[in-house]
Structure formats: C-alpha cells, structure tokens
Amino acid sequence: EMSREVPADIMGAGGLIDDIAAWMCDSAIYPQPFLSMAAAICAIGTAAGRRYAGPWDTRTNVYCIGIAESGSGKEHALTCLNNLFFAADLIELFAGEEIASGTAIESTMAVRAVQLFQIDEFGHFMKSVLNPRATSSHRRDVLVKLTKYTGAATRLVKGTEYANKKERERIDVHEPCVCLYATTVAQPLWEAFGSGALGDGSVARMLFFRSPIDYPDHHAPRLLARDVPPALVAGIRRVVAGRDADNDFAFRAAKAQMLDGRNRPGLIRVQYDAQAQVVADQLATEQVELKRRHSASGFAPVWARWLEHINRLALIRAISMDAAAPRITAADLAWARALVEHCIGTLISEAERHMADSQYEAAMKRVLGIIRKRGQMTGNDLARATQWMSRRERAEVLGHLEESGAITVTRAVTGTGRPGLLIRPVSME
C-alpha cells in the first residue's frame with residue numbers, strides 16, 4: 001500500500017503556486033497544504049488558458065481532484081478560488097458550482113472559452129455517472145463533455161447542430177480551456193471506479209490529490225479568506241495580461257480576447273531551456289516504455305497520459321515562476337514528474353484496494369477496510385459497523401476473508417463475559 005505522505009520536493013512548487021497555497025492555508029481553520037496546492041495549480045491553469053502553449057502545443061487545462069474526509073477542511077480552497085478570481089476581476093472565468101448537464105458545459109464554453117468548473121462531492125457524482133444501472137443520462141453526459149474538452153484545447157470545437165438554425169445557431173469555439181477542481185471523500189470515489197471507468201480514458205485525464213491527513217489540527221487563521229493579498233491579485237492578473245496587468249484597459253482587453261472563442265487565441269510559446277530539452281527527450285523515451293510495459297494492464301490508459309500530465313504541470317509551474325517570460329526548466333520537469341507519479345500512485349493504490357466489478361467484491365473490501373481500521377473487533381462490533389448488510393451476507397464475507405487469509409476469526413470471551421467472535425486482520429498477527 002502506498003504511503004499517503006507527500007514528499008517535500010513536491011510541496012515546494014515555488015512561485016505563485018506556493019504563494020496562493022500559503023494564503024489558503026493561512027486563512028483556513030483546518031489547513032490542507034496539498035489540496036491547496038492542487039487548487040492553486042487549477043487557478044493558474046485557468047488564468048493561463050488560451051494564452052500560453054508549451055513545446056508540444058501543451059496547454060494549461062488541468063483536472064485536479066482533492067480527496068479528504070468530511071470535516072477535514074477540503075472545501076476551503078473552493079471559497080478561496082472564488083474570492084481570488086473576484087478580487088482580480090476574473091470572475092467570468094469561474095463557472096457555476098453545479099453542472100446540470102453536458103449541454104450546460106457546452107453552452108458555457110460557447111460564451112466564455114476559458115472556465116474553471118468545480119464539483120463538490122465528486123465521488124457521489126462519479127458513482128451516479130458510472131453506475132451501469134443509472135437512469136439519468138445528464139450526469140453521464142457531463143463526464144463525456146469534460147473528457148472531450150481535455151483533448152480539445154488545441155483545436156476548433158464545433159457546437160451542437162440544432163434543427164431550427166434561425167433561433168439557435170451552432171456556436172464553434174476555438175481552442176477552449178476547461179479546468180476542473182473537485183473535492184470528495186475517499187470511499188464513494190474509489191467505489192465508483194470499476195474497471196470500465198479506467199478503460200474509457202476519462203479517469204486517466206484526472207490528477208488525484210489525496211490529503212496525507214484527514215483531520216489537521218485546529219488553526220487560528222491569520223487572514224480572512226475574503227481578504228485576498230494584493231500580491232496574489234497582481235500575480236494572477238500577470239498570468240492573464242503579462243506586463244500590462246497594471247494597465248486596466250490592457251488587462252480588460254487581454255481578458256476579453258481570452259474569453260472570446262470565436263477567434264483563434266494569440267499564444268505565447270513557452271520553450272524548454274537547453275537542460276530541460278535533454279530531460280524532455282528522455283521522458284519521451286520513457287513514455288513509450290511505460291505504454292508497452294502496462295499495455296495489458298487495467299491501468300494502461302493512466303500510464304499513457306503520464307507524459308501529457310508532466311508537460312502540462314511543468315508549463316503551469318514555469319508560468320507560476322515568471323508569467324511575463326516563462327521558460328520550462330529541468331527543475332519544472334522534475335517537480336512535475338514527481339507530482340504526477342505521486343497522483344498516479346494514489347489512483348492505482350486506492351483503485352486496487354477498493355475497485356470492484358461486483359457488489360459482493362465491493363462489500364468484501366469495505367468490510368476488510370473496517371476491520372483493518374479497528375485493528376481487532378468482536379462479531380457484535382462488526383455487526384454494528386455493517387448494518388447495511390444482512391446477517392447472511394456478513395457471514396459469507398467473513399468466511400471468504402478468513403479463507404483467503406486476510407483475517408483470522410476465533411471464538412473468545414468478549415467484554416460482556418459471553419463467548420463470541422474475535423476478528424483480527426492478518427497484518428496484526
């Protein structure tokens with residue numbers, strides 16, 4: 001099982017990413033540094049939309065999923081993002097917090113070609129989307145459209161054709177930039193991912209940021225979330241308008257050009273420096289090897305996006321370090337690689353632990369998780385913790401887990417003085 005600890009070299013992103021994340025933590029009651037960094041990456045990726053392009057025409061559209069348990073402070077970053085974009089006069093880039101359908105995404109992009117979408121309770125959203133027995137097609141279409149837009153950032157996206165063209169014309173969008181920051185508790189998210197979800201490529205386009213601590217210590221905020229530091233406002237405006245950010249007329253013109261999808265954007269081409277070029281060539285070779293090595297596994301689509309994620313995050317970090325004249329360095333690529341591999345490791349570790357192609361397997365893994373968390377428990381304790389199961393189902397699952405060697409079940413005198421079952425995970429033996 002992969003450790004949830006986040007290596008220090010990943011947390012030291014540098015530049016505007018670190019500044020935004022630090023403000024989010026300083027203004028939080030329960031600081032979440034790793035999730036704050038994910039939100040900061042999304043903020044810069046959105047503000048850089050339709051303005052910068054990397055060496056392989058990489059764009060800054062990024063989908064980050066922040067994962068922590070309920071009551072852990074994961075929603076604070078959403079509030080801060082809203083306040084930051086409002087203070088910087090960029091609220092038009094901030095989409096609504098509820099996505100009714102895929103058509104709603106398409107309609108939004110037709111009006112504003114750069115958007116940051118947010119989805120709270122993303123795990124429950126994914127369960128409703130990926131459940132094969134789900135009757136509603138609206139949410140499924142949301143995932144279809146989000147997946148579509150990740151590959152559409154470098155081309156013209158043709159809108160929906162309507163029967164009555166006089167009343168509703170098709171609206172095409174040149175090179176749209178869609179970013180996503182979503183938050184969720186862990187269990188429903190991983191339960192949602194059956195093998196088919198990984199195979200269709202939608203999940204492979206997401207980066208999963210699992211908080212290393214679900215319940216951080218209480219913190220007395222040094223700042224209010226509504227009081228955005230002027231340096232952050234200036235920084236995010238520079239991403240949009242470069243050196244003209246202080247000129248309000250020039251800034252508004254740059255923002256208008258960014259949002260107008262009727263025309264192709266004028267792009268700043270961000271190149272590798274000499275050392276980064278060497279590293280990039282090595283990464284390209286590694287990507288081919290990774291595709292071949294994992295071609296027969298269920299995680300092949302995830303590893304196929306490895307280099308795409310690295311290039312995208314390296315571009316965002318370069319912009320974070322110097323929005324006026326960004327250049328991708330070997331340090332940018334090293335940081336991006338470490339972060340991408342950490343996020344992919346989270347997905348693979350948790351998916352292997354929780355994914356199930358049957359309800360029975362899902363129930364078995366859920367029960368084993370409860371037992372491992374408690375360390376040991378009586379049969380009565382387990383019955384209270386698994387009231388969603390019938391007695392027969394519970395007995396079948398216990399029998400299977402014992403037979404597979406995952407747990408031991410013995411009869412012993414419990415705290416009530418009566419004989420009963422004592423259940424332990426094998427790892428404690």
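Four aromatic pairs occur in the structure, which is a predicted model. In one of them, the ring centres of F34 and F209 lie 5.1 Å apart; the planes meet at 50°, so the pair is tilted. The pair links distant parts of the chain: F34 belongs to helix 3 and F209 to strand 7 (residues 207–210), 175 residues apart. F34 has a relative accessible area of 2% and is buried, because the cut-off is under 20%. F209 is buried as well, at 0%.

W190 and F208 form another tilted pair, with 5.6 Å centre to centre and 50° between the planes. W190 lies in helix 8 (residues 186–192) and F208 in strand 7, so the pair ties together parts 18 residues apart in sequence. W190 is buried, with a relative accessible area of 1%. F208 is also buried, at 1%.

The largest nonpolar core holds 116 residues; I20, I41, Y181 and F209 touch the most other members. Helix 3 (residues 33–47) supplies the largest share of this core, 11 residues. A second, separate core has 16 residues, including I370, M377, L401 and I407. Beyond its neighbours within four places in sequence, F209 contacts residues that include F34, M37, I41, C64, I67, L339 and C343.

Charged groups also sit over rings. The charged end of R237 is placed over the ring of F251, 3.7 Å from its centre. That of K148 sits over the ring of Y149, at 5.7 Å from the centre.

Helix 7 (residues 138–150) has 13 residues and should span 18 Å at 1.5 Å a residue; its end C-alpha atoms are 19 Å apart, which agrees. Its buried residues include V142, L143, L146 and Y149.

Technical notes:
Residues numbered from 1 in each chain as written. Predicted model: local features only at pLDDT ≥ 70, side-chain atom pairs only at ≥ 80, totals over all residues. Heavy atoms only, no water. Helix = DSSP H or I, 4+ residues; strand = E, 2+ residues; numbered from the N terminus. Expected span 1.5 Å × (residues − 1). Buried < 20%, exposed > 50% of the residue type's maximum accessible area, 1.4 Å probe, protein only. Core = buried A, V, L, I, M, F, W, Y, C linked by side-chain atoms within 4.5 Å. Contact = heavy atoms within 4.5 Å. Phe/Tyr/Trp six-rings, centres within 6.5 Å; stacked < 30°, edge-to-face > 60°. Lys NZ or Arg CZ within 6 Å of the ring centre and 35° of its normal.
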